[in-house]
Amino acid sequence: MISKLTPAAILLGLALRSTACAGDHLHARDGHAHQHLERREYPQVPLTPPYRPLIWGDLNVIHTTDTHGWLLGHQKTSWAEPYYSGDLGDFSSFVTHMKQIALHKDVDLLLIDSGDLHDGTGLSDGYGYPPGDVDAHESNKFIERLPYDLMTIGNHELYGYADTYDIGRRITSLGVIFNFTGNNVNTTVQAVGDMVKEQWFAEVVAEEPDAFVLIG
């Protein structure tokens, strides 16, 4: 069973109540302690709470897309702007807590993004000129500190080669094990010498990624 947490549901939860604290903000991959200076005031607008509890599946997905450098969240009070008022710090805290819940429930939770991280605010725009410079190289530093499992590029990462290349490297990972013979009858262990003769292995090698990672 796959459960997808939509952006609307995510941002609604962020606008209602952030459980963020000093240690949660934007450091899912950062072991350093940060001093909490000031708590941001939330919109003084009544918000309708979720009408039912979140249903968890075996595989759950939090999906972001087209953020376009908007790290602060919506600030207007007209409907339905307050429902989208969570900032990137709120989102970081939300993801951290959701990952902890998933761990407690013994289920998988993937955080994925489908691109268009820039072209929208002064924090992310204007760095691609002159040609060769990287757009969003400052705002992407915040994004990099979120525990994304999967990310891909959008059309806004394709307008300049430097932007496209800056998104990341293509990595092919292979997992191997020694010639283990004590495995369960319902599993199969293939010798590495046999694996490298497989047609799929030849096709993987022919793809020429930026790097191969061999785990075993």
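A residue is called buried when its relative accessible area is under 20%, exposed when over 50%, and partly exposed in between, using a 1.4 Å probe and protein chains only. By that rule Leu109 is buried, at a relative accessible area of 8%. The structure is a predicted model: local features need pLDDT of at least 70, side-chain atom pairs count only at pLDDT 80 or more, and totals for chains, interfaces and linings use all residues. Residues are numbered from 1 along each chain as its sequence is written, and side-chain values use heavy atoms, with hydrogens and water left out.

**Overall layout**

- The protein chain has 6 helices and 6 strands. These are DSSP runs numbered from the N terminus: helices are H or I with at least four residues, strands are E with at least two.
- Along the sequence, the pattern is β-α-β-α-β-α-β-α-β-α-α-β.
- Of the 216 residues in the protein chain, 33% are buried.
- Contact means heavy atoms within 4.5 Å. Among contacts between residues at least 6 apart in sequence, 77% join residues at least 24 apart.
- The accessible surface of the protein chain is about 14,200 Å², and carbon and sulfur atoms account for 58% of that. Such areas come from the Shrake-Rupley method with a 1.4 Å probe; for residues, only the protein chains shown count as cover.

**Confidence**

- pLDDT is the predictor's confidence in each residue, from 0 to 100. Its mean over the protein chain is 78, and 76% of the residues reach 70 or more.
- Confidence is highest in helix H2 (residues 88–105), at a mean of 95, and lowest in helix H1 (residues 7–16), at 42.
- Over residues 6–32, pLDDT stays under 50; the model has 64 contacts beyond four places in sequence for them.
- Where pLDDT is low, the predicted coordinates should not be read in detail.

**Leu109**

- Leu109 sits in strand E3 (residues 108–113).
- Beyond its neighbours within four places in sequence, Leu109 contacts Trp56, Asn60, Val61, Ile62, Met98, Lys99, Ala102 and Asp149.
- Trp56 is 53 residues from Leu109 along the chain, yet their C-alpha atoms are 9.5 Å apart.

**Glu157**

- Glu157 lies in the loop between strand E4 (150–151) and helix H4 (161–166).
- Glu157 is buried, with a relative accessible area of 1%.
- Its side chain reaches the backbone nitrogen of Gly154 at 2.7 Å.
- Neighbours within four places in sequence aside, Glu157 contacts Gly115, Asp116, Leu117, His118, Asp163, Thr164 and Ile167.

Definitions and conventions. Polar contact = N/O pair within 3.5 Å; in protein donor to acceptor, adjacent residues only side chain to side chain.
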